[in-house]
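Welcome! Let us walk through this structure together, one step at a time.

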Amino acid sequence: MSPDLQPLLLDALLAGGVLLLLVVDLFLKDTSKAVLADLTALIFVGLFGLSFAVDTSGSAFDGAYVGGEWPLFFKRLFFAIGALTALGSRDFVAERFMRRQGEFYMLLTSCVLGMTLLPGAQNLVLLLVAFELMGLPLSMLAAWAKTEDTKGQDRDAAEGGMKLYVVGAASTGVTFFGLSLVYGMSGHLDLAGLAAAPGSPLLTLGMFLTLAGMSFKIGAVPFHMWVPDTYQASPTPFVAFLSVAPKAAGFAALAAVFVKGFGSAAAVWAPALLAITTLTLVIGNLMAIPQSNVKRLLAFSGVAHIGYMLMALAIGTGEATGVLLFYLAGYAATNIGAFLVVNAVGGRDADVDIGLFNGFSRRSPGLAACLLIFLLSLAGIPFVVGFWAKLYVFIEAWRAGLGWLVFLGALLAVVGLWYYLQIAYAAYIRPPAADREQPVAVDPRTRLAIGVCLVAVIGMGAWPSPFIENALAAAKAFIAH
Amino acid sequence: MTPSTLALLSLFVPLGAAVLLGLLGPLRRTGRPAAFVSVAGALVALAGAVAILAGGDAALKPGAHLVWGWLSAGPATAVGIHVDGTSAWMLLVVTLVATCVQIYSLGYLHDEPPAALGRYFTYQSLFLFAMNTLVLAPNLLQAFLGWELVGLVSYLLIGFYFRKPSAAKAAVKAFWVTKFADLGFLIGLVTLYAKTGAFEWTAVTPVAGFVTLMLFFAVMGKSAQFPLHIWLPDAMEGPTPVSALLHAATMVAAGVFLIVRAEPLFAQAPMTREIMAYVGGFTALFAACIAVVQTDIKKVLAYSTCSQLGYMVTALGAGDTFAGYFHLSTHAFFKALLFLGAGSLIHAVHSNELKDMGGLFKKMPFSGAVFIIGAVALAGVPPFAGFFSKDLILEAVEHHHLYVPLAALAIAAFLTAFYMTRTVMMALFGAPSHAAEHAHEPGIDMKLPLGVLALLAIVAGFGGSWLAGLTGHEYAFHFTLVGGAGTAIGLLGIATGFWMFGPAQGGAPIKRGMAPVGVFIRYGLMDRLSTVAYGLMLAVGAIIAWIDRYVIDGVMNWSGWILLVGGRRLRGLQTGNVQDYVYAVALGIVVLGAWGILR
């Protein structure tokens, strides 16, 4: 490989992995296609390991793509998420979509390819292409349950996918329109050029339209409405993926365009971003309270967490951006773990009512303890990663003079504890239903994936230093470049 | 061994026991052997604490500070231990009461299934670790970690009887209310770090006023100060030994300990101290009033705990750290004694209600005697432990001219003596109830801890000068007018109680008149107060949900209709209301766009 393409080495290998999955799929019988999940996981694990061994610094395509620590942090995160999703999906997908397993993993992998390409993009066109490479497979995967199941869930699934697609298309249009205004007014497609562009009303309009379009991907209020519906209708292991990976990618794009591209114009966009942050925190936390469907509850909880991450983004300093990365990593480990447990408890039910968790601790004490730890991490209790993530964000926000936002965020975190405890209450205190007393069945690979999430959540909670250092270094490299 | 080595031992041996029981399921499920592991851990911790103090205070004067760097990036901080007179003494109080409670639990929870017993003792060991983490914390961050962990273990221990729905509800409520208060701790920490770059106990900063106010908010939750005390009476749903350890002697006192530890910070904040004095004084009086009308022996003691914590907070508010700390120590002993003694009575009659007791002194002379010792210590009768510390608090509050809190404390002193006399008379004397006929003394495993605590409730008050020297203060008992008046008021309370609830059964009209008031306070006021606080958030959530559903959606639809008339065709898609979502996006975009242009 030419030195010019060195920063894209891992992405190129991942693209090769996509093709490999396609080809291998052709040679497998439907009954043995489950091995594709293992292959997918292996590809991701291999790339994760390789990311520590190879040098991906430098720039490619005349500076349109830049490697280094910032994209590397995201790539590792996406590889880890991909591997965990593949492991957690295997038996579920094999059972429910036996004939379409190959496409599931192929689309999942290409979606991750879009994500890994995104953080290094220094050019708006490349950024958007990567964004769409990620976005289109997401809608398809969200609708994956549509044909196989004839018990009425197909309509929900199609609807969930359709909602994601239609609203996504609208916001992509807005993003494109906004960025074309930005290009028209600044004459630049590269992020460095944007920084130097003189301010004008149309440029500001373009900036804000871009903000609106990208806010959709991360599910910030008022662009969040697709989130609960899509989560409810989609295959749960995929929701584990959907609830973390596109958010991380969306934040990478937002950070690239705003913190870096328009960093000098922070006074213009920061107030709007703060308004979105406040709305997201309040609506996400409060809307989660009345939910009785655990997938919808976690969907709104996810919206709330986006609010905390937006807080870090809105501050816009190097430290705050590093804190954002740490938050993303901790949130990913926690949320994937939580959704995989939900998948195990919910089984084939598309609607995971909170009542299904009754007596969970007596049916499967180990799994219930895992769930409790994930919930405590989401709630931000010490000794698990969620606590540090929130504490770091609050400290940065306080330093940036956003004391009122720290108050609001801390208050809403207590509200959050309320609804997380509702799940824990069902799991630990209510007795199990008469027909649900046997232990929850979990396949070994899901078990492994949950175990990895658990180790990550506890490990990053007990010893956050290496992770936050890495995140801060990545953010520093990002700001400095 | 050096004090720091011993302190590490006291910290980690209970953790080892907890981990051992947590990971080895088969061992935990054996019940009693698991309990012995936990008790052994507590005994080692206690031995460590004793050895530290036996080493003399020369080693404790500068304070041994042993820390390891933990977080190097982000908010850099260290974990470790800080052993000085204050933390060494608190370590002794905590491990001593914990050991007594654990041994007592062996007898008290004798009938529990082995698996449940094993789980209970796992939590007990974990609690001891968590509490010691807090006590030995070299900085505020570690204190916060221990603080949160004790809250979590308290949740697990209250919910121990999870087959009892009321216990489970109480556990959630306790966790949630204290967690709500903890947001003050978090904000205090964040502010302190943002301004000073560290989490030091001794930080000197212009924002000390704000930081201490925030910390005090957290203390109000943990140490059950009005109006955040609502969780404590409900927490009595947990097993009685848990109430003795967590909700009387140690965990609820953690708030007071925090203020003692952070004295340098609070010294910079006269405003906060004044607020503390008033909040504490009001809580002392308010809770004492409620205790008077309780019919459940544990509820009497729970409100009494609130009230006594109010005493400590008032003393700290008056700036006399030692008075608060002294009362914390004596209170830990006699209140743990009262709870364990009450547990012994409850164990005998299988009821918490005072009316189911009566005449128990004849059946259970030992339990009755130790309970009376606890009661007179609480009432402040000389020369029992409570007398000295209460005397010092009254003196300190008077000395700082805080006359309103002083009056509140004085009335509370009368009420305290009164309601304890009432409880003693109703539970131990008079006509025995049906349930009390078959009552008998508990076994030696329950008697031994009672004996130890009773001894301490008698003599601990004389250790005041020694404790003052240990923690770098000066104290010698001397007679003052206000202290003497306080004692006289207490004796008057006892006399009144004896007149009304003793053999004479005097003051019948007062009792009749007070009966509806009592019912109102027991069933109306408290429930209403907590329901309001509790339901408020649910209501807000419901309102927001309603607004989201009807108002925001409506506005979206309306504005969407104006903006995207062509969007009507989308309705043919038959995919539910996806249009609304596009309108939502559109409205958001319009608002942002308008903001962009108009700004």
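Let us begin with a term that will come up again: two residues are in contact if their C-beta atoms, placed from the backbone, lie within 7 Å. This is a predicted model, in which local features need pLDDT of at least 70 and side-chain atom pairs count only at pLDDT 80 or more, while totals for chains, interfaces and linings use all residues. Residues are numbered from 1 along each chain as its sequence is written, and chains are lettered from A and ligands numbered from 1 in the order in which they are written.

Start with chain A, which has 20 helices and two strands; helices (H or I, at least four residues) and strands (E, at least two) are DSSP runs, numbered from the N terminus. With a radius of gyration of 21 Å, close to the 23 Å that the globule rule gives for 481 residues, chain A is as compact as a globular protein of that length. Here the radius is taken over C-alpha atoms, and the rule is 2.2 Å times the number of residues to the power 0.38. Of these 481 residues, 64% count as buried, meaning that 20 or more other C-beta atoms lie within 10 Å of the residue's own, with C-beta atoms placed from the backbone (exposed is 12 or fewer, partly exposed in between).

Now turn to chain B, where you will find 24 helices and two strands. Of its 599 residues, 58% count as buried.

Follow helix α7 of chain B, residues 165-196. In α7(B), 26 of the 32 residues are buried. Just after the helix, B:G197 takes a positive phi of about 75°.

Next, look at how two other helices meet. Helix α4 (residues 85-108) and helix α5 (residues 114-135) of chain B pack at about 170°, their axes 10 Å apart. That makes α4(B) roughly antiparallel to α5(B), a label for angles over 145 degrees. Axes are lines fitted to C-alpha atoms, for helices over the stretch in contact, and angles run from 0 to 180 degrees between N-to-C directions. Among the residues that meet are B:M90 and B:V94 in α4(B) and B:L128 and B:M131 in α5(B).

Finally, find B:V349 in helix α15 of chain B. B:V349 is buried, with 24 other C-beta atoms within 10 Å. B:V349 and B:A436 are 87 residues apart in sequence, yet 5.6 Å apart in space, C-alpha to C-alpha.

How values were computed. Expected span 1.5 Å × (residues − 1). Parallel < 35°, antiparallel > 145°, perpendicular 65-115°, else oblique.
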